[in-house]
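Please look over the sequence and the model shown below before reading on. The briefing that follows takes up the fold, the nonpolar cores, the disulfide and the salt bridges in turn.

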Amino acid sequence: MQEPRLTLITRPGCHLCEVAKEAVDRVVAATGDRYLEIDVESDIELEREYGERVPVVLLDGREHGYWRVEEARLLADLALPREG
């Protein structure tokens, strides 16, 4: 099974992260994709890169957006072939 195309980087207790999870849940329900959620505090490199910008959505390992999930754009981009 392939790795999920989507990664959601979050932080415990983050309200925007909860909203982003709900949005990503809607997207994957529509597409049949899966996603991986990673706590930004679990890795010092992630904390340095994304610390103040969570939640962050990665698509195929690249930053797709942060703070808010653009559901329509994410759905459209998931319809494209996997990069890489």
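A residue is called buried when its relative accessible area is under 20%, exposed when that area is over 50%, and partly exposed in between, with a 1.4 Å probe and protein chains only. By that scale Arg73, with a relative accessible area of 35%, is partly exposed. This is a predicted model, in which local features need pLDDT of at least 70 and side-chain atom pairs count only at pLDDT 80 or more, while totals for chains, interfaces and linings use all residues. Residues are numbered from 1 along each chain as its sequence is written, and side-chain values use heavy atoms, with hydrogens and water left out.

**Overall fold**

- The protein chain contains three helices and four strands, these being DSSP runs numbered from the N terminus (helices H or I of at least four residues, strands E of at least two).
- Read from the N terminus on, the elements follow the order β-α-β-α-β-β-α.
- The radius of gyration, taken over C-alpha atoms and compared with a globule rule of 2.2 Å times the number of residues to the power 0.38, is 12 Å for the protein chain, close to the 12 Å that the rule gives for 84 residues, so the chain is as compact as a globular protein of that length.
- Along its principal axes, the C-alpha trace of the protein chain spans about 30 × 25 × 20 Å.
- Of the 84 residues in the protein chain, 37% are buried.
- Taking contact to mean heavy atoms within 4.5 Å, residues 24 or more positions apart account for 62% of the contacts in the protein chain that have a separation of 6 or more.
- The accessible surface of the protein chain, computed by the Shrake-Rupley method with a 1.4 Å probe and, for residues, with only the protein chains shown counting as cover, comes to about 5,300 Å², of which 51% belongs to carbon and sulfur atoms.

- A nonpolar core is a set of buried Ala, Val, Leu, Ile, Met, Phe, Trp, Tyr and Cys residues joined through side-chain atoms within 4.5 Å, and the largest one here has 12 residues in all, including Leu6, Leu8, Val24, Val57, Val69 and Leu74.
- The elements that give two or more residues to this core are E1, H1, E3 and H3, and the largest share, five residues, comes from H1.
- Apart from this core lies another, of nine residues, among them Ile9, Cys17, Tyr50 and Val54.
- Leaving aside neighbours within four places in sequence, Val57 is in contact with a set of residues that includes Leu6, Thr7, Leu8, Val24, His64, Val69 and Leu74.
- Thr7, which lies in strand E1, is buried, with a relative accessible area of 14%.
- Not counting residues up to four places away in sequence, Thr7 touches Leu36, Ile38, Val56, Val57 and Leu58.
- Thr7 and His64 are 57 residues apart along the chain, and their C-alpha atoms are separated by 9.7 Å.

**Disulfide**

- The structure holds one disulfide, a term that stands here for a pair of cysteine sulfur atoms within 2.5 Å.
- This disulfide joins Cys14 and Cys17, whose sulfur atoms are 2.4 Å apart, and both Cys14 and Cys17 are buried.
- The torsion about the S-S bond of Cys14 and Cys17 is about 80°, so the disulfide is right-handed.

**Salt bridges**

- With a salt bridge taken as a side-chain nitrogen of Lys or Arg within 4 Å of a carboxyl oxygen of Asp or Glu, the count comes to 10 salt bridges.
- Arg11 forms a salt bridge with Glu41, the closest N and O atoms being 2.9 Å apart.
- Arg11 lies in the loop between strand E1 (6-10) and helix H1 (15-31), and Glu41 in the loop between strand E2 (35-39) and helix H2 (44-50), so this pair ties together parts that are 30 residues apart in sequence.
- Glu41 is partly exposed, at a relative accessible area of 47%, and a network of salt bridges links Arg11, Glu41 and Glu47.
- Glu63 and Arg53 meet through their side chains in a salt bridge at 2.8 Å, N to O.
- This pair links distant parts of the chain, 10 residues apart, with Glu63 in strand E4 (residues 62-66) and Arg53 in the loop between H2 and strand E3 (56-59).
- Glu63 is partly exposed at 36% relative accessibility, and Arg53 is partly exposed at 21%.
- Arg73 and Asp77 form a salt bridge at 4.0 Å, N to O, and both lie in helix H3 (residues 71-78), four residues apart, about one turn of the helix.
- Asp77 is partly exposed, with a relative accessible area of 21%.
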